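Here are a few exercises to work through with the model open in your viewer. Try each task before you read its solution.

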Amino acid sequence: MSRNYLSRAINGRVCLAEHCTRLLPEPRLSCRRHYLSSAEIQLDPLAPIRGEVTDWWAATAPRRHKLDALKTSSPDSLARRRAGAELSAIGSRMALLLLPRTVSSWRAETGSPQWQLPPDGWIIKRIRKDYPDIGITPEDRPPEVGGCAETVRMDDWLDCVARQDHASRNRAHAPFRPITERRRKDEETVAAFAKQDAANATLLSGHATGLHTAIHNNQRAAVSGIFKHLGVDTTIPKGTVVFHQIVDPVGMDAISSREKDRWSFRRHMGLTAGDVVRYDHARSATLEAHWLGNLGKTMGNPIGLNSGEPETALRLELAPLRALFLGDQLCKVAQTHLSAELEVVLPAGTHWKVVAVVDAEHPVGWRHGIEVYKRLRTIQMVEISADDASVSNTIRMTATSEELDALTRTSEI
């Protein structure tokens, strides 16, 4: 966002002459008397900025002090409102100017990666700490400018602008959405999968037991058997992106797959852009952008990136080459009620390239009729052929029995 983004974004001001309190219509900056005289005119804080931000802030001090005095002591209510409006515009402008360096400072101090943004509300807290006289609070109403018009608080607005600024510097890789777009279900893709669903339901009509086992019990042999069935349709609509969520089952000893889940979570947490990975097992994914609960594996609320606490949840966004959609027709054959999960099964023995790791917002629930979103570490991968994957540098993402046994022994100590 331009450093002059909030230039003269208010309607009517107080004269810029040092001791004058006359009110002026937009766009005049000084009254007629002082325009013709040699009175000292203060620096206009809303004019285009040249030079260092800190120098500009220091130079605006006389104007800010004058406005603050008017805001608190002027007998003229209109003058108080105009002075307050300009002070708010100056503070908002300063906060915008400080955004890039504030975000960079957070990454340097915490050792966070370049793709990650600070926790919710951290930016305004840091700016207020560094500049106590900036005159803005988290609860202030933000300027009605930019692509963050839906925000109603200054802290949320600054977080939103920081996200927009980061997105403008880091373009999304096709077919993934930019981080300024909250994740949602793509209804067109769901509809496009109906043809595959109908064809496979007819082809696999005599395999209800195997399908039911594969869907409900997630047995890898049964899942792989579906892909090996002669004639099964695994073609997908162009630009398809599916989701897969991974949770670290910390302290959840009753979970039968906790070692496998913990191994997978730690393995995925270490991935960075450019990595090439291999999955030897078939996997379940979904077209549903909404977080599908905890899938019966954990209790409590999985932690993402909002709070700055250690993460216990992440999400994969995957662009596959082929997949099997378990839609209404195929679920009817399998005698299962799970078609609403919009499950998509990915075959075993696939290779993927990590094109980006991003800080994206995913829908996780509803509160008072309003959809709630959570920021999650989102690992974006595109499927590649085995020929395009370097065997020596490929990261294996399927745990061995020895690795799982080692985790079991560690958890028992």
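Predicted model: local features only at pLDDT ≥ 70, side-chain atom pairs only at ≥ 80, totals over all residues.

**Exercise 1.** Work out how H4 and H5 are oriented to each other, and which residues make the contact.

*Solution.* Start with the geometry: helix H4 (residues 77-110) packs on helix H5 (residues 122-130) at about 105°, and the axes are 10 Å apart. Angles of 65 to 115 degrees count as roughly perpendicular, so that's what H4 and H5 are. Next, pick out the contact residues. Sort them by type and you get eight nonpolar, one polar and two charged.

**Exercise 2.** Find the aromatic pairs around Trp57 and classify their geometry.

*Solution.* Searching the whole structure turns up three aromatic pairs. Take Trp56 and Trp57: the ring centres sit 6.0 Å apart with planes at 50°, so this pair is tilted. Now go to Trp57 and Tyr131, where the centres are 6.3 Å apart and the planes at 85°, so the pair is edge-to-face. Trp57 belongs to helix H2 (residues 53-59) and Tyr131 to the loop between H5 and helix H6 (154-169), so their pair ties together parts 74 residues apart in sequence. Put together, ring pairs link Trp56, Trp57 and Tyr131 into a cluster.

**Exercise 3.** Is Glu288 buried or exposed, and what does Glu288 contact?

*Solution.* First locate Glu288: the loop between strand S5 (283-286) and strand S6 (313-319). Its relative accessibility is 15%, so Glu288 counts as buried. Finally, leaving aside neighbours within four places in sequence, Glu288 contacts Lys185, Phe243, Arg315, Glu341 and Leu342.

Definitions and conventions:
Residues numbered from 1 in each chain as written. Heavy atoms only, no water. Axes fitted to C-alpha atoms, helices over the stretch in contact; angles between N-to-C directions. Helix = DSSP H or I, 4+ residues; strand = E, 2+ residues; numbered from the N terminus. Parallel < 35°, antiparallel > 145°, perpendicular 65-115°, else oblique. Contact = heavy atoms within 4.5 Å. Nonpolar A, V, L, I, M, F, W, Y, C, P; charged D, E, K, R; others polar. Buried < 20%, exposed > 50% of the residue type's maximum accessible area, 1.4 Å probe, protein only. Phe/Tyr/Trp six-rings, centres within 6.5 Å; stacked < 30°, edge-to-face > 60°.
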